[in-house]
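User: I'd like a close look at the ligand site of this model, and then at the sheets elsewhere in the chain. Please give me the cut-offs as you go.

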Amino acid sequence: MIENNEGGDKPKKSILYYYGLTLLVVMLLNALFFPSVMQRKVTEVGYSEFITMVNDDKVTEAAVDYSSQQIMFVAKDGNGADQYFKTGIFPDNGLIERLQSHGVKFGSEIPKQNSTLVNLILTWVVPIFIFILIGQLLSRMLMKKMGGGMGPAMTFGKANAKIYAETETGVTFDDVAGEEESKDALTEIVDFLHNPDKYAAIGAKLPKGALLVGPPGTGKTLLAKAVAGEAHVPFFSISGSEFVEMFVGMGAAKVRDLFKQASEKAPCIVFIDEIDTIGKKRDNGSGLGGNDEREQTLNQLLTEMDGFDGRKGVVILAATNRPESLDAALLRPGRFDRRIPVELPDLSGREAILRVHSKNVKMDMDIDFGAIARATSGASGAELANIVNEAALRAVRMGRSYVKQEDLEESVETVIAGYQRKNAVLSPHEKKVVSYHEIGHALVAAKQSDSAPVTKITIIPRTSGALGYTMQVDEGEKHLMSKEEAQNKIATLTGGRSAEELIFGSITTGAANDIEQATKLARAMITRYGMSREFDMVALETVNNQYLGGDTSLACSADTSAMIDREVVATVKAAHEKAISILKENIDKLHELANYLLEKETITGEEFMSILNR
Ligand code: ADP
Ligand code: MG
Ligand code: ZN
């Protein structure tokens with residue numbers, strides 16, 4: 001990566017000085033040229049002069065100031081500008097009539113300087129504005145001069161955020177190991193960048209943006225660079241967190257700048273790291289200044305994404321490990337409508353990553369990478385890279401010229417223990433529990449007719465926080481679910497917990513999501529689908545808005561509500577018992593499959609079926 005050498009706070013300071021200086025100069029100029037504004041000038045005249053001015057229709061406003069016993073009035077001078085005057089009070093009975101007949105506004109208040117706002121704008125805002133404009137023009141000119149003569153790597157250090165631009169990242173897909181699915185999804189973008197004409201000829205538009213979603217350290221940044229490297233296009237990158245610490249309006253300007261540069265260099269990749277820092281859901285509550293800035297930046301990003309022509313060959317990649325916190329506007333079609341999961345590596349993926357990072361390290365001949373991979377379930381690519389490096393450092397400390405197996409084993413301990421991670425690496429026992437739990441789901445599903453086939457089972461922790469995952473995909477599209485299918489589905493959902501009970505005799509918190517889903521479905525069967533004998537075809541619950549979350553509201557009496565609860569419990573209980581009996585009948589397969597999954601960490605539906613039908 002190319003670092004920007006300019007310190008982060010240097011430009012910040014000079015901008016502050018600049019604003020301060022501007023204010024000072026404007027104040028001085030004001031004092032010199034507009035003394036009347038600094039101190040309103042009032043001319044004292046005789047009463048007769050006042051009457052003459054009224055008669056000449058010069059006076060526009062008048063008032064009596066009782067505290068000083070004087071008449072204050074405003075009159076037009078030769079140029080038609082307002083002048084302020086005062087005169088003493090004189091017994092004059094005809095004054096009011098005279099004022100009325102000459103159209104003078106009068107009252108008990110001293111005429112206000114009616115043009116204060118205009119004056120303020122003229123004497124303060126406009127000069128400041130002009131100064132800022134001049135300053136920006138100057139700095140832009142400077143930028144242009146500096147940017148022109150730079151080599152293969154260009155840095156743009158305007159204001160605070162840095163846009164890193166690399167003409168050639170030098171990273172390829174070979175440097176990213178174990179993320180085959182993500183790489184597959186990205187090859188199309190590489191091809192598009194190679195020859196955009198091919199796509200334009202047929203009229204196809206590629207997605208403008210793709211969102212890389214996954215836990216920290218799984219290689220999202222690396223993948224983005226690899227896309228640029230594979231396609232041999234420039235790589236512009238900026239991190240979302242850099243926008244946040246900037247002055248108001250700077251974030252939006254930066255985004256504009258970024259896209260301008262990118263469209264000049266097209267085809268190219270624009271990469272926005274940590275997009276969640278600017279792309280958070282906009283809430284209309286707290287009116288804090290910081291939020292405003294973030295919102296402006298986000299709005300500018302959205303505008304730019306909508307504005308530029310997708311066929312030009314600018315592809316925007318973004319990365320986040322908090323996809324659920326992103327504003328929905330970012331995920332709409334034409335923006336980041338493609339989501340590419342970058343999950344933690346499985347066993348073979350971890351081995352591949354260890355090998356990639358060992359390429360330039362002198363290793364013992366008989367290193368067993370498989371063993372290290374098995375010991376690091378749940379570790380990210382970044383951690384594995386660190387393990388290899390720690391092992392090399394240890395070898396040096398030991399006075400050896402190459403890395404031995406024991407160095408790697410030792411560094412697994414230091415790296416994994418060194419990170420205070422919540423649920424990243426499962427203990428061997430936990431891994432076993434998760435394996436049985438997932439196979440429990442899969443087995444119950446497979447042993448019931450009418451349930452969707454299992455396509456993938458994994459015990460690699462997911463971005464969503466799940467420790468394991470059993471994927472079922474319906475063959476073809478399904479629009480109707482029969483009562484039996486619904487009951488089977490509930491049984492499948494309870495299958496995970498059932499396996500835990502059966503094998504370990506104790507239960508864990510791991511089934512929370514299953515329980516929630518099972519309960520929802522059981523309740524819907526009774527209250528919405530008319531699938532209970534008790535309530536027949538009576539709608540007890542209505543969906544408020546099926547497009548907005550689909551929250552429901554109960555439409556029944558308290559008595560009925562209690563009966564529904566009992567019915568829900570009975571439905572789930574029956575399904576749970578069914579699941580347990582299915583697992584009991586197939587306990588050998590349960591053991592066999594769970595052990596297989598424990599070893600492989602991810603198995604396909606075919607592998608699962610072939611073991612089941614052996
Ligand atoms: P993220 O952006 O997802 O947080 P990075 O791309 O910054 O992760 O990864 C940090 C480092 O970890 C990379 O520079 C690389 O050395 C290593 N790394 C992470 N994932 C992989 C992977 N799948 N293959 C090879 N190296 C990886
Ligand atoms: Mg990153
Ligand atoms: Zn489960």
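Analyst: A polar contact here is a pair of N or O atoms within 3.5 Å. This is a predicted model, in which local features need pLDDT of at least 70 and side-chain atom pairs pLDDT 80 or more, while totals for chains, interfaces and linings use all residues. Residues are numbered from 1 along each chain, chains are lettered from A and ligands numbered from 1 as written, and side-chain values use heavy atoms, without hydrogens or water.

Let's start with the ligand. Around ligand 1 there are 15 residues (a heavy atom within 4 Å), and the closest are Ala177, Gly217, Lys220, Thr221 and His357. By class, this shell holds six nonpolar, six polar and three charged residues, with Gly counted as polar.

Several backbone atoms come up to the ligand's oxygens. A backbone N or O atom of Leu222 is 3.0 Å from an oxygen atom of ligand 1, and for a polar backbone atom of Gly219 the distance to a ligand oxygen is 3.1 Å. Ala382 also brings a polar backbone atom to 3.5 Å from an oxygen of ligand 1. Taken alone, the ligand would expose 560 Å², of which the protein buries 78% (Shrake-Rupley, 1.4 Å probe).

Which elements build this shell? Helix 8 (220-231), helix 13 (347-358) and helix 15 (381-397) each give two or more residues to it, and helix 8 gives the most, with three. Helices are DSSP runs of H or I with at least four residues, and strands are E runs of at least two.

One is an open sheet of five strands in the order 1-4-3-2-5, with mixed pairing (pairing takes at least two DSSP bridges). Strand 1 (42-44) and strand 5 (105-107) are at its edges with a single partner strand each, so one side of each has no neighbour in the sheet. From one strand to the next, the twist averages 20 degrees (axes fitted to C-alpha atoms, angles from 0 to 180 degrees). Helix 3 (residues 47-55) packs on this sheet, where it touches strand 2 (59-65), strand 3 (70-76) and strand 4 (heavy atoms within 4.5 Å); the direction of helix 3 makes about 40 degrees with that of strand 3.

Strand 4 (residues 82-88) has partners in both senses. With strand 1 it pairs in parallel over three bridges, and Val42 has Tyr84 as its bridge partner there. The hairpin of strand 3 and strand 4 has five residues between the strands, and Gly80 takes a positive phi near 85 degrees.

Another open sheet has three strands in the order 14-13-17, with antiparallel pairing. Strand 14 (469-472) and strand 17 (602-604) are the edge strands, each pairing on one side only, and the twist averages 10 degrees from strand to strand. Strand 13 (residues 454-458) joins strand 14 through four bridges, with Thr458 partnered by Tyr469. Helix 21 (residues 587-600) lies across strand 13 and strand 17, at about 120 degrees to strand 17.

How values were computed: A polar contact is a pair of N or O atoms within 3.5 Å; within protein, one must be able to donate a hydrogen and the other to accept it, and residues adjacent in sequence count only if both atoms are side-chain atoms.
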